[in-house]
Amino acid sequence: MALTEKQTQELHSTIERRRAALLAELREDVERVRTDRFEDLAGPAPDRGDESVASLIADLGHADLGRDVSELRGLDAARTRLADGVYGICADCGGEIGFERLRATPAAVRCVECQRVHEKTYGTTTGSSL
Ligand SMILES: [Zn+2]
């Protein structure tokens, strides 16, 4: 079953809410990281947007922040897919991901089956491959 208009709208607002919350969280965390450690570690602050924030966080080894950043990237990609009208379609098999899975994991790019195969093949931990 393809997603209905109503389901798409619900997922859209889920993505937006989650994204706003993550951004707020990340902004706070990055501020804290900058204040605490950045000056010591990295010299002049790069300010080139998300990418530099992401690598800064990665460099500092903040696993929790890294997870937030990949979730944020996943949500951004999900927004793009929504705008392109291909949201909810499995990237691997082209089948439908399913509303329940999307509601639980709005940034999911694969259906449950393909995700399982992917994780088995690449040995990724949950979340990092989104
Ligand atoms: Zn699939």
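Buried means under 20% relative accessible area, exposed means over 50%, and partly exposed lies in between (1.4 Å probe, protein chains only). The model is predicted: local features need pLDDT of at least 70, side-chain atom pairs count only at pLDDT 80 or more, and totals for chains, interfaces and linings use all residues. Residues are numbered from 1 along each chain as its sequence is written, and side-chain values use heavy atoms, with hydrogens and water left out.

Ala-91 counts as exposed because its relative accessibility is 57%. Ala-91 sits in the loop between helix H3 (63–84) and helix H4 (99–104). Helices here are DSSP runs of H or I with at least four residues, strands are runs of E with at least two, and both are numbered from the N terminus. Contact means heavy atoms within 4.5 Å. Not counting residues up to four places away in sequence, Ala-91 touches Val-109 and Arg-110. Ala-91 and Arg-110 are 19 residues apart in sequence, yet their C-alpha atoms are 5.5 Å apart in space.

A zinc ion is coordinated by the SG atoms of Cys-90, Cys-93, Cys-111 and Cys-114, at 2.3 to 2.4 Å. Donors are N, O and S atoms within 2.8 Å of the metal (3.2 Å for Na, K and Ca); water is not among the atoms, so sites may look incomplete. The donor residues follow the spacing C-x2-C-x17-C-x2-C. Angles among the four donor atoms run from 102 to 116 degrees, and the site is tetrahedral. Four donors count as tetrahedral if all angles lie between 85 and 135 degrees; four count as square planar and six as octahedral if opposite donors are over 155 degrees apart and all others between 65 and 115; anything else is irregular. Cys-111 and Cys-114 are both buried.

Salt bridges were assigned where a side-chain nitrogen of Lys or Arg lies within 4 Å of a carboxyl oxygen of Asp or Glu. The count by this rule is seven. Arg-110 pairs with Asp-92 in one of them, with the closest N and O atoms 3.1 Å apart. This pair links distant parts of the chain, 18 residues apart: Arg-110 is in the loop between H4 and helix H5 (112–122), and Asp-92 is in the loop between H3 and H4. Arg-110 counts as buried, at 9% relative accessibility. Asp-92 counts as partly exposed, at 48%.

Arg-103 forms a salt bridge with Glu-100, the closest N and O atoms being 3.2 Å apart. The two residues are separated by about one helical turn because they lie three residues apart in helix H4. Glu-100 is exposed at 53% relative accessibility, and Arg-103 is partly exposed at 38%. In helix H5, Glu-113 and Arg-116 are also three residues apart, about one turn of the helix. Their side chains meet in a salt bridge (3.0 Å, N to O).

The largest nonpolar core has 20 residues, and Ile-15, Tyr-87 and Leu-102 have the most contacts inside it. Helix H1 (5–42), H3 and H4 are the elements that give it two or more residues. H3 gives the most, with six. A nonpolar core is a set of buried Ala, Val, Leu, Ile, Met, Phe, Trp, Tyr and Cys residues joined through side-chain atoms within 4.5 Å. Tyr-87 touches residues including Leu-11, Ile-15, Leu-82 and Leu-102, not counting those up to four places away in sequence.
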